[in-house]
Amino acid sequence: KVSNINRNIYILLDGDETGKRIENKLIADKNKFKNFEIIIHRIDDKKEIEDMIFSKEYYIERIIEICPEIADRSKEFEAFFERHFRDKNYINLTKEFIAYHKLSVKENQIKHMLSTNLQVDTINTDWILSKLEDFFDLN
């Protein structure tokens, strides 16, 4: 049963295929949530949240910091990233590097580790903050 309480819900989705699939499902089911004001924000095609909140430099630094297997190849990882970052999102590039070197770290481990112990001043919020403040009337 869906709550009768009016709520504002802001849903942020990755721009990948999974994000598109979830967005379509949410849009199809939106009429079930009549008491809710829902905004669905899917970020740019083929981008993921990590591409939006981390600078390239900080992302590389964090990956090297949290993943010992990549830290062992830090210079190679940095060079690989520099060569390819314009073509692909950060997570997919990292997965390619891991696959090429047959490392054992998994994508879900990386995403979890990236989301812990963040320093607020290193996160790029400009692209989303004003949208959230407007939607939730926080101005």
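**View 1. Asn117, out in the open between two helices.** Asn117 is exposed, with a relative accessible area of 71% (exposed means over 50%, buried under 20%, and partly exposed in between, using a 1.4 Å probe and protein chains only). You'll find Asn117 in the loop between α7 and α8 (126–135); helices here are DSSP runs of H or I with at least four residues, strands are E runs of at least two, and both are numbered from the N terminus. The phi of Asn117 is near 55°, a positive value in a residue other than glycine. Most residues other than glycine have a negative phi. This is a predicted model, in which local features need pLDDT of at least 70 and side-chain atom pairs count only at pLDDT 80 or more, while totals for chains, interfaces and linings use all residues. Residues are numbered from 1 along each chain as its sequence is written, and side-chain values use heavy atoms, with hydrogens and water left out.

**View 2. Lys46, with another positive phi.** Lys46 sits in the loop between β2 (36–42) and α2. Its phi is near 65°, again positive in a residue other than glycine. At 66% relative accessibility, Lys46 counts as exposed.

View 3. Asp51 belongs to helix α2. Asp51 is buried yet has no salt bridge, and the nearest side chain of opposite charge, Lys47, is 4.6 Å away. A salt bridge would need a side-chain nitrogen of Lys or Arg within 4 Å of a carboxyl oxygen of Asp or Glu; for charge, Lys and Arg count as positive and Asp and Glu as negative, with His and the chain ends not counted. What the Asp51 side chain does reach is the backbone nitrogen of Tyr90, at 2.7 Å. Leaving aside residues up to four places away in sequence, Asp51 touches Asn89 and Tyr90 (contact means heavy atoms within 4.5 Å).

**View 4. Helix α6 and its buried face.** In α6 (residues 90–100), the buried residues are Tyr90, Ile91, Leu93, Thr94, Phe97 and Ile98. Seen down the axis of α6, they fall within an arc of 160°, so they line one face of the helix; the arc is that of the directions from the helix axis to the C-beta atoms. These buried residues pack against α2 (49–53), α3 (56–66), α4 (68–71), α5 (74–84) and α7 (107–114). Ala99 and Tyr100 are exposed on the face turned away from the buried side.

**View 5. The two ends of α6.** At the start of α6, a side-chain oxygen of Asn89 comes to within 3.1 Å of the backbone nitrogen of Ile91. Just after α6, Lys102 takes a positive phi of about 55°.

Terms used:
A polar contact is a pair of N or O atoms within 3.5 Å; within protein, one must be able to donate a hydrogen and the other to accept it, and residues adjacent in sequence count only if both atoms are side-chain atoms.
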